[in-house]
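Please keep the sequence and the 3D view open while reading.

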Amino acid sequence: TMRYQVRHEEGVQTPYETLALGSGSCRDFATLMIEAARALGYAARFVSGYLYTPDTDNPALSTAPSSTHAWLQVYLPGAGWISFDPTNNLVGGSDLIRVAVVRHASEAMPVSGTWQGVSADYFGMDVDVQVTLR
């Protein structure tokens, strides 16, 4: 019953806000599930990276570029750290390309840097992730 909602605002909603709104971004869903796992006594951590979509390998067939994504890992005794992607209903797998693993979403620093130019210049960034066979 939860609805995915793209949000460009910084940070994450609290789990309460996500439940009350019935919607959130991938980082909001990951944060909600992290708190639920921790409430059950499991270690859980926030993961930031990219979701690999095979159809993006062929630009002629691709419908959308890859973009940043967030999910979580839960430590299961005997199995280790297992990835859970509540946004896409994925468990484990190789489609999640990990860039950062942290205790809380606020610790996952997005790509940062400096830029110099005039105010009329384009201010933004596009990210394109492509996976190729070696």
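## Aromatic pair and its surroundings

The structure holds one aromatic pair, where rings of Phe, Tyr and Trp (its six-membered ring) pair if their centres lie within 6.5 Å, and where planes under 30 degrees apart count as stacked, over 60 as edge-to-face and the rest as tilted. The ring centres of Tyr75 and Trp81 are 5.4 Å apart and their planes stand at 70 degrees, so this pair is edge-to-face. Tyr75 is partly exposed because its relative accessibility is 37%, and Trp81, at 34%, is also partly exposed; buried means under 20% relative accessible area, exposed over 50%, and partly exposed in between (1.4 Å probe, protein chains only).

The ring of Trp81 also has the charged end of Arg45 over it, 3.8 Å from the ring centre; a charge sits over a ring if NZ of Lys or CZ of Arg is within 6 Å of the ring centre and within 35 degrees of the ring normal.

## Basis of the model

This is a predicted model, in which local features need pLDDT of at least 70 and side-chain atom pairs count only at pLDDT 80 or more, while totals for chains, interfaces and linings use all residues. Residues are numbered from 1 along each chain as its sequence is written, and side-chain values use heavy atoms, with hydrogens and water left out.

## Chain layout

The protein chain has two helices and seven strands, which follow the pattern β-α-β-α-β-β-β-β-β along the sequence; helices (H or I, at least four residues) and strands (E, at least two) are DSSP runs, numbered from the N terminus. Of the 134 residues in the protein chain, 29% are buried.

## Nonpolar core

In soluble globular proteins, nonpolar side chains tend to be buried together. A nonpolar core is here a set of buried Ala, Val, Leu, Ile, Met, Phe, Trp, Tyr and Cys residues joined through side-chain atoms within 4.5 Å. The largest such core has 13 residues, of which Ile34, Ala44, Phe46, Leu72 and Val74 touch the most other members. Helix 2 (26-39), strand 3 (44-51) and strand 4 (68-76) are the elements that give two or more residues to this core, and helix 2 supplies the largest share, four residues.

Leu72 belongs to strand 4 and is buried, with a relative accessible area of 0%. The C-alpha atoms of Leu72 and Ala30 are separated by 5.6 Å, although these residues are 42 apart along the chain.

The structure holds one cavity of 30 Å³ or more, a cavity being a set of points on a 1 Å grid over the protein atoms alone where a 1.4 Å probe fits but cannot get out, with lining residues having an atom within 4 Å of a point. The largest cavity has a volume of about 30 Å³, and Thr31, Ile34, Glu35, Arg38, Arg103, His104 and Ala105 line it.

## A loop residue with positive phi

Most residues other than glycine have a negative phi, and most peptide bonds are trans. Asn89, which is not a glycine, has a positive phi near 55 degrees. Asn89 lies in the loop between strand 5 (80-85) and strand 6 (90-91), and is exposed, with a relative accessible area of 71%.

Definitions and conventions. 1 Å grid on protein atoms, 1.4 Å probe; cavity = no way out; pocket = protein on both sides within 12 Å on 5 of 7 lines; lining within 4 Å. Points joined across faces, edges and corners; volume = space filled by probe spheres on them.
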